[in-house]
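Here are a few exercises to work through with the structure open beside you. Try each task yourself before reading its solution.

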Amino acid sequence: MQQRENLKKGSFHKFLFHLHPRFVPRKAISLRYSLCLGGLALWMFIVEAITGILLALYYIPHSSQAYASVQNITHMVPYGFFIRNIHYWAGQIMVILVLLHMIRVFVVGAY
């Protein structure tokens, strides 16, 4: 029992609390508009996955047919242009959201 108490007070215990502190700064968890940036980035990833699967149904990944299959998706597949544009814009928005999320985490010290 005495050894266990001494271990808790030692440097190993301090090292564990350094890796996983008990307290998170109040500023890091306060409700703000920027709190949802990570969730929105996840939502854009889900949109990317769904539209990517839909586009993969018609895309032919061969060097001689890739351009023709993209043109087919854009002009012949029903709502193909719409799915392709959603896929493109969701990717662009996701990059911006992830960048803003990383900046927010760094600024408020929520890491």
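**Exercise 1.** At roughly what angle do the axes of helix α5 and α6 cross?

*Solution.* Keep in mind that this is a predicted model.
- Step 1: find α5 at residues 66-75 and α6 at residues 80-108.
- Step 2: look at the two axes, which come within 5 Å and cross at roughly 110°.
- Step 3: name the arrangement. Angles of 65 to 115 degrees count as roughly perpendicular, so α5 is roughly perpendicular to α6.
- Step 4: look for the residues that touch. V70, I73 and T74 in α5 meet G80, F81 and R84 in α6.

**Exercise 2.** Is L99 buried, partly exposed or exposed?

*Solution.* 
- Step 1: locate L99, which sits in helix α6.
- Step 2: take its relative accessibility, 48%.
- Step 3: compare this with the cut-offs. Buried means under 20% and exposed means over 50%, with partly exposed in between, so L99 counts as partly exposed at 48%.
- Step 4: L99 belongs to a nonpolar surface patch of about 970 Å², whose other members include I96, V98, L100 and Y111.

**Exercise 3.** How many helices and strands does the protein have, and what percentage of its residues count as buried?

*Solution.* 
- Step 1: count the elements, which come to 6 helices and 0 strands. From the N terminus, they run α-α-α-α-α-α.
- Step 2: turn to burial. Of the 111 residues, 19% count as buried.
- Step 3: The protein exposes about 9400 Å², with 70% of it supplied by carbon and sulfur atoms.

Notes:
Residues numbered from 1 in each chain as written. Predicted model: local features only at pLDDT ≥ 70, side-chain atom pairs only at ≥ 80, totals over all residues. Heavy atoms only, no water. Patch = residues over 30% accessible without salt bridge, like charges linked within 9 Å, V, L, I, M, F, W, Y side chains within 5 Å. Areas by Shrake-Rupley, 256 points an atom, 1.4 Å probe, with all protein chains shown as cover. Salt bridge = Lys/Arg side-chain N within 4 Å of Asp/Glu carboxyl O. Helix = DSSP H or I, 4+ residues; strand = E, 2+ residues; numbered from the N terminus. Buried < 20%, exposed > 50% of the residue type's maximum accessible area, 1.4 Å probe, protein only. Axes fitted to C-alpha atoms, helices over the stretch in contact; angles between N-to-C directions. Parallel < 35°, antiparallel > 145°, perpendicular 65-115°, else oblique. Contact = heavy atoms within 4.5 Å.
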